Amino acid sequence: MTASQENIIALDVQSRFERVIEKANQIILGKEHTIRLALSCMLAQGHVLIEDQPGVGKTTLANVLATLLGLSIQRIQFTSDLLPADILGVSVYNRDSESFSFHPGPVFSQVVLADEVNRATPRAQSALLEAMEEYQVTIEGETRKLPEPFFVIATQNPSSQVGTFPLPESQLDRFMMRLELGYPDGEAERELLKGRDRRELLAETSALISVEELRDIQARVESVFVADALLDYLQNLLDFSRMSTDFANGLSPRSGLAVLHCARAWALLHGHEQVLPEDIQTVLPSIIGHRLKLNQESGDSKADSVADVLIRQVPIP
Amino acid sequence: MNSLKSTLLALRADLLWLSAGLSLAVVPHAQRIPLWMPFMFLSLAIWRLYIEHTMRGKIEKPSFMGRLGRQIIMLVIVVGVFNTYGTLVGRDAGVALLVLLAGVKLLECQTERDYYIASFIAMFLVLTNFLYSQTILAALHMLLAITVIITALVNLNDQSHFIGSRLRLKIAGSMLLQAVPLLLVLFVLFPRIDGPLWGLPKDALSGSTGLDDEMSPGQISQLSLSDKVAFRVEFFDEIPSPSSLYWRGPVLWYSDGVKWVRNKRRIEAAAVKVRGEPVKYAVTMEATDKNWLFALEMPVTLPDRSFYSHDMQILSRSIVRSRQRYEVSSFTDYIMPEVDETGLQNGLQLPQGRHPRARALAEEWRNEGKSSREIVNTALSMFNTEAFYYTLQPSLLLEDSVDQFLFDTRQGFREHYASAFVVLMRAAGVPARIVTGYQGGSINPVGEYLVIRQRDAHAWAEVWLGEEGWVRVDPTAAVAPERIEAGIENALPESIIEIPLGIRNNPAALDLWRRISFRLDALNNRWNQWILGYNNKRQNLFLNYIGFGDVNWQKMTTVLLLLSALVLFTVCFYLFRTDNRHKDEALILYNKFCEKLSHCGIKRLPSEGPRDFARRASSLRSDLSNAIKEVTNLYIETRYAEKQERILALKDAIKRFKPESSPAT
């Protein structure tokens with residue numbers, strides 16, 4: 001494949017995704033950046049955790065993305081009495097065939113929308129989180145593969161709210177990104193209030209990209225060029241997070257890989273052939289936000305996010 | 001709080017290494033300072049580790065009580081040291097204070113800075129050991145301690161804890177190895193200056209043992225318990241027979257009945273008449289607080305900066321404060337005349353009213369009409385045939401030591417025999433004097449040299465026999481001739497010589513023991529000669545040898561600086577080269593571009609990516625936006641897409657990029 005051909009494909013990918021973004025943006029108003037981040041995360045084959053107040057459109061975002069990418073979606077509403085079997089499925093005795101037959105649970109779907117994941121008990125949470133890591137589930141001694149591609153889009157309420165079981169750090173780490181939607185700005189809110197019901201709009205939308213195309217693009221993420229100079233920058237960031245007294249803990253190698261993947265996906269999504277430090281800086285906040293903690297004493301002001309502190313202090317080599 | 005905790009947990013390894021380093025630095029001092037000091041240091045260190053253990057890294061602002069406690073400890077230390085030494089400065093008090101304060105510093109170690117300071121204190125403590133001892137062992141100890149301290153510093157700088165203890169030790173070791181070239185350059189070339197600059201603090205010599213310039217009974221016997229080396233002698237030819245190995249020291253003339261002192265007349269010695277072949281040799285003398293240089297009787301050449309006293313002792317113009325090497329040649333066959341015959345009167349002085357019995361005996365001899373020679377022989381045969389004993393532990397002589405020794409106890413050591421003999425001679429009218437010095441020495445077969453230890457200290461007599469001049473008479477030889485023939489080791493009780501109990505009766509083991517100690521002494525000798533004895537004379541010789549020609553200190557300093565610079569530049573070159581791996585050409589070019597923009601007041605932030613910067617710069621200077629875009633795209637291509645072929649285009653674009661400091665209107 002020649003460079004120009006690659007260019008054309010890159011442009012093609014970009015224009016297709018621009019349409020996806022445009023469409024999603026019509027439904028979820030004023031959240032273009034978040035949508036782009038979520039899409040890059042999906043291109044990098046990562047799971048997304050959306051954390052925000054109830055009613056800001058978390059569930060809608062998950063639905064929109066699944067629909068536009070042509071993926072099957074199942075929703076699991078996590079509650080405190082949810083059992084692992086409710087997620088994974090159960091074997092039921094079939095009287096006709098005189099044998100047990102397996103009834104797959106909602107996890108057997110290309111996109112699993114785990115709503116309010118922190119309302120369930122840790123036992124139920126772990127059933128889902130196993131699936132996220134292994135891309136397979138073991139039920140009654142039998143290992144079953146999950147469909148491909150497999151995404152979990154989990155939403156959670158801020159853990160300060162009543163009746164929540166906060167996800168432990170090890171399980172948070174399984175989510176490549178944590179996104180916050182936040183309230184829409186005035187203009188977007190006005191339009192939302194004026195416009196039609198979101199659910200209706202969602203029902204009208206159809207897939208813009210086929211599953212095959214999606215997997216093809218996922219494979220192409222890996223081929224986005226990464227220069228040594230960029231790896232130097234990424235390593236400096238990781239090193240700094242480990243050495244600086246500003247942070248309570250360092251970034252793991254896994255988070256480093258996640259940053260690189262997402263930065264590649266982000267670059268691809270924007271039609272670039274190589275990753276730039278800016279790409280890393282853009283995806284960094286949502287990747288390290290739930291992994292790195294600031295020391296309480298440090299940080300110039302409370303408004304500084306972890307990523308801001310990190311980015312500001314590490315020069316680009 | 002979490003991160004502080006982890007930082008401190010991290011510091012634990014530093015703390016352990018640092019405590020180990022400090023303790024190692026204290027170890028050699030522990031034997032010299034009062035026992036409570038090392039004990040207190042150890043308690044403070046253990047206390048600190050205990051705090052670390054119980055607090056598990058929690059950090060707390062020191063409470064009022066904690067601060068008060070520290071002040072109290074400080075006060076105890078200062079008072080204690082002052083009480084022991086009467087001062088807080090000087091070598092001994094200073095070291096003691098440093099040891100204790102190191103303990104307190106360890107106790108209050110909290111921040112990174114504290115750790116650094118404690119490390120440097122440890123290094124200084126290690127160094128202070130050299131004020132006391134410059135042996136090979138001290139050097140090895142220093143090497144070990146410094147390695148441990150550097151490991152502590154490596155720990156301190158490795159906050160990510162990615163490397164294990166063994167690797168840290170390795171890093172510290174390789175850092176020390178990297179310092180070797182600089183060490184060699186500094187050792188060889190650093191100007192050695194003779195003089196007080198290199199002198200030790202005044203109290204450094206307080207403990208040195210050796211001959212004194214006066215003699216009273218029991219003094220030399222005390223020395224004979226000391227195994228310390230007085231000097232070593234390398235003979236250029238054969239070693240003379242043991243019976244002629246008399247190393248001349250101070251000559252004593254006057255007696256008050258107990259004590260003998262020197263005659264410090266400032267006149268030149270008369271020329272010695274010599275026969276036979278000279279013996280040539282080099283002496284390496286240990287430090288004393290005197291200006292005496294020892295030489296075989298009779299020396300005929302003088303070392304540099306020295307002169308003869310009127311009674312043929314070699315005196316240096318300066319005190320021998322450090323180990324010194326000099327070459328002398330002597331004749332063992334000689335006639336020593338007296339400078340002026342009136343001086344012989346001094347050789348007849350006796351304290352008034354003392355030694356009546358000795359005087360009576362000598363009177364008797366004189367009345368028999370004996371010649372001087374016959375009187376000498378009579379006295380010697382008296383020592384030889386009557387029941388005189390040679391012993392290290394003579395009975396205490398309280399009143400008239402000479403009379404008591406001659407007629408009652410008859411047990412004595414060298415000084416007793418020498419002084420009794422001289423008193424007898426003088427009373428009989430024969431001029432006589434006491435010569436102190438060393439006799440014999442043991443041959444080290446490994447290095448083929450002679451070691452003279454303090455226990456070889458000796459006192460003998462010289463009598464004036466007219467034509468024959470001053471003649472050496474050794475009364476000890478009359479009583480214990482084996483002492484002169486075979487050295488003191490056989491005459492002394494075994495327990496004096498440090499041979500481990502188990503091997504004393506085993507000839508094979510004893511032989512092995514002797515051989516090992518010979519080898520060790522040979523090693524020590526080489527160390528003294530080449531490392532410690534590398535003074536300005538040796539330096540000149542060495543530099544001449546490797547072709548520097550005539551050397552002066554200016555030239556030496558220049559070469560020293562040049563070589564040091566060379567070593568440092570080599571290191572820098574290596575470091576920069578590895579750094580350049582990351583700094584490729586594109587970045588250097590881009591930095592130039594950024595610098596040009598910064599002249600227009602647009603500064604790139606260190607964490608600003610090229611695209612973001614280009615966007616910001618273009619929005620500030622829309623007139624430059626095209627050029628900025630061009631450069632940025634080329635830079636991204638060369639650096640982040642690694643298209644090296646675009647580097648020339650980038651170079652060109654940046655060359656063309658000449659922004660005016662304000663937008664063109």
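Five strands of chain A form an open sheet in the order β2-β5-β8-β1-β9, with parallel pairing. Strands (E, at least two residues) and helices (H or I, at least four) are DSSP runs numbered from the N terminus, and two strands pair if DSSP finds at least two bridges between them. β2 (73-77) and β9 (175-179) of chain A stand at the edges with a single partner strand each, so one side of each lacks a neighbour in the sheet. Neighbouring strands of this sheet are turned by 20° against each other on average, direction ignored.

This is a predicted model, in which local features need pLDDT of at least 70 and side-chain atom pairs count only at pLDDT 80 or more, while totals for chains, interfaces and linings use all residues. Residues are numbered from 1 along each chain as its sequence is written, and chains are lettered from A and ligands numbered from 1 in the order in which they are written.

β2(A) is joined by 5 bridges to the parallel strand β5 (residues 111-115) of chain A; Q77(A) stands opposite D115(A) in β5(A). Helix α3 (residues 58-68) of chain A lies across β1 (47-51), β2, β5 and β8 (151-156) of chain A, and runs at about 175° to β5(A). Axes are lines fitted to C-alpha atoms, for helices over the stretch in contact (C-beta atoms, placed from the backbone, within 7 Å), and angles run from 0 to 180 degrees between N-to-C directions.

Chain B has 23 helices and 19 strands.

The contact between the chains is summarised below.

| Side | Residues in the contact |
|---|---|
| Chain A | 25 residues |
| Chain B | 18 residues |

On the side of chain A that touches chain B, α10(A) supplies the largest share, 5 residues.

Methods:
Contact = placed C-beta atoms within 7 Å.
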